[in-house]
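Here is a short report on one protein model. Keep the sequence and the 3D view open as you read.

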Amino acid sequence: MEPSDQLASSSAQMSEHYGMEKPISMAGPLEFDLNRSIELEKFLVDSGLYESQEEVVKREEVLGEINHIVKQWVKQLTCHKGYDDQMIEQANAVIFTFGSYRLGVHGPGSDIDAVCVGPSHINREEDFFIILHDILAVMEEVSELNAIPDAHVPVMKFKFRGISIDLLYARISLTVVPDDLNISDESILCNVDQQTVRSLNGCRVADQILRLVPNVKHFRTTLRCLKFWAKRRGVYSNVTGFLGGVNWALLVARLCQLYPNAVPSMLVCRFFRVYTQWRWPNPVMLCSIKEDALGFIVWDPRKYPRDRTHHMPIITPAYPCMNSSYNVSISTLRVMMEQFNIGNQICKDIELNDANWSLLFEPYLFFEKYKNYLKIDLVSSNADDLRAWKGWVESRLRLLTLKIERDTYGMLHCHPYPNDHVDSSRKTSHCAFFMGLQRQAGVVVQEGQQFDIRAPVDEFVRSVNMYSCWKPGMDIHVSHVLRKDIPKYVFPEGYKPTRRSKSIKHQIREKTSEEDRVGQSQVRSADKQLKRKFDVTDCDTSSSNKPIKMATSSPNRPTSLSPRSQSTNEKVSDVVGASHCQRSSPNKELNCFNSLNQHVKQTSQCPIRPTQALKSGQIYDEVELLDTINNRRRLQSKPLGSMDSVKDNCYMQNGLVDNGCFGGSVPAENAVFKSGGSIESGLLDKSELNGVVLKAHGKTNSDSSEKSVIRMSMASVV
């Protein structure tokens, strides 16, 4: 190849980018980054995240057997329904995988997500959930068979030769399904129902993700790492309001687009750096949203008010584009942001060689975090009934979180723990879920006042008991327990361990995360006045399990807290979270990321036009800084979780707002607005537009250190 050709090829490669916007940085790894990536991959191998070759072969054999079973099932039904011999000979069904197996990040013990694509004359309600169910029920290789036809995505769960399978069914409009069916073709969605669209969406999204990332190998290693981290930290569960496998895959894929030449160690650190600063509810998208060519509803907050209520939109790249994280609530978003901040602090230490990768994956001590918990006990007559009963209740736990937030006006945060625990000492089949309860930081609670959550708990129990497949012996009991009364069976050792003394660094990380949360909550409390009813009682908290009738009274309204009020002990914190390791043009990289995070609405509905540069050493308060940047126009900062910013025909893409009523894409050299509540949380100390890290005096509140206990009085429910 001639030198000119090489230069042209290199220029074309540099100009090519993935996603809707240009990357934040095209920088490649240094030797230090490569060494850390080797250490990270070794840690993942030592942690048992990769399966052996024997397990790989077994999975392929299982998928082959299931594919043969569904083909024979379709032929038998085609014959039974009276079709001719030629139609019976051509009758076919095809198995497609999706999820972690299709993305190539599955590990030992992982389930296989699969969809059976069948012809138009084979239906879901009778043919799939009854006839195929009965065929599988009598097979020796099949165990723990459980059909869930009423789920948002109808699914049949079972184990085949010990491997967990989640099997969906998609009924397409073809009379004969070819073996080489292109599932990514949009024409496959013609004349199908919503359940089929959702069932096919998993495969189509997985294929699109692999097409839209610049380096599949680095993507897989990073995703495997972050999924492991999420499980260790208790934030991996879509059904309970956190993020599931596809959500984490989309977040990592977007990060790979922003840093196309980064290796896994760099991507992991930048994951926490980016998403601690991401201004939710700005959506995360890998590509532009396609219009509804076939008439299906796509995610669009301009048209659909319900889409404006989503707190953490992560949009799927395949048509019809949907929000894959609609289950996230205010409480679960708060928990995830706390964990992102902790992960970001640890990654900074790793970049400085002050920590190793094992520190990032320390398990989350859920039963040491809170003083108050809700315990949801489930019992049934046998293990099979308990499996179905547990799956149903687990799918409704998110609603309990929302009901409690609603009835306490957001003043009581709920942290559902995604794992269940079993009391083996009971004679009946049993499992229990736990939910941490904590007063919102900054909320003033008078002595003796209580959060009365009996009504939402009763409502939750009534809705759960309406289970269509309920059987005698299925029962549920919800109770309030204190930390000191947590049962011993929840601990792996079988006894309650002594509370660990935290290291100094760990205390600093948690304190920093708590201060950030307090600052954000003060902004929220200044935006609206909260109302709620309290129970006033002098009874001891140890009697909270007893059904005692409480007198109620309304307290004084909490005093609004100004985000501009100064603290006597002001703490300067780095809101950018820049890496301390030396790298080429780090400030340019950070400023480029800041241009993705412009999410400030103006009262005048005019674009931001920064015209005046700030001088180093000059001090501005919040109003003066915003006025200077925006030609003396006052801006309105939106609190975390607010969706007012997408109303009035506004539309957000990848952190950029480009529809005229927002600031749009501000040039990187002029971007000074920080995400994560840095502007709202206190007074700005000093800043420079060209390469100086923006500092902020983070304001804390003494309420965060109060010793008051959240008291709950609950009726006894059965």
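The report below moves from the whole chain to single residues.

## The whole protein

This is a predicted model. The protein has 718 residues, and 53% of them count as buried. Its secondary structure comprises 18 helices and 18 strands.

## Two crossing helices

Find helix α10, residues 264–277, and helix α11, residues 330–351. Their axes come within 8 Å. They cross at roughly 135°. The crossing of α10 past α11 is left-handed.

Which residues make the contact? On α10 they are Val268, Cys269, Arg270, Phe271, Phe272, Arg273, Tyr275 and Thr276. On α11 they are Met337, Phe340, Asn341, Gly343, Asn344, Cys347 and Glu351. Sorted by type, the residues of this contact are 8 nonpolar, 4 polar and 3 charged.

## The nonpolar core

In soluble globular proteins, nonpolar side chains tend to be buried together. In this model, the largest nonpolar core has 75 residues. Four residues have the most contacts inside it: Ile209, Phe219, Trp248 and Phe271. Phe271 also belongs to the α10 side of the helix contact.

Now pick out Trp248. Set aside residues up to four places away in sequence. Trp248 then touches Leu223, Lys227, Trp229, Ala230, Val235, Tyr236, Leu243, Phe271 and Phe340.

## A buried arginine

Is Arg59 buried or exposed? Arg59 sits in helix α3, which spans residues 53–80. Its relative accessibility is 4%. The cut-off for buried is under 20%, so Arg59 counts as buried.

What does Arg59 touch, leaving aside neighbours within four places in sequence? Its contacts are Glu51, Tyr101, His106, Gly107, Gly109, Ser110, Asp111, Ile112 and Ile163. Take Asp111 as one example. Arg59 and Asp111 are 52 residues apart in sequence. In space, their C-alpha atoms are 9.8 Å apart.

## Cis bonds and positive phi

Where are the cis peptide bonds described here? One runs from Trp280 to Pro281, with omega near 10°. Pro281 is in the loop between α10 and α11. Another joins Tyr319 and Pro320, with omega about -5°. Pro320 also lies in the loop between α10 and α11.

Two asparagines deserve a look as well. Asn191 is not a glycine, yet it has a positive phi of about 60°. Its place is the loop between β5, residues 163–171, and α7, residues 194–212. Asn353 is not a glycine either, and its phi is also positive, at about 60°. Asn353 is found in the loop between α11 and α12, the latter at residues 357–360.

Are these asparagines buried or exposed? Exposed means over 50% relative accessible area. Asn191 has 72%, so it is exposed. Asn353 has 57% relative accessibility, so it counts as exposed too.

Conventions:
Residues numbered from 1 in each chain as written. Predicted model: local features only at pLDDT ≥ 70, side-chain atom pairs only at ≥ 80, totals over all residues. Heavy atoms only, no water. Axes fitted to C-alpha atoms, helices over the stretch in contact; angles between N-to-C directions. Helix = DSSP H or I, 4+ residues; strand = E, 2+ residues; numbered from the N terminus. Left-handed = near helix turned anticlockwise from the far one by under 90°. Contact = heavy atoms within 4.5 Å. Nonpolar A, V, L, I, M, F, W, Y, C, P; charged D, E, K, R; others polar. Core = buried A, V, L, I, M, F, W, Y, C linked by side-chain atoms within 4.5 Å. Buried < 20%, exposed > 50% of the residue type's maximum accessible area, 1.4 Å probe, protein only.
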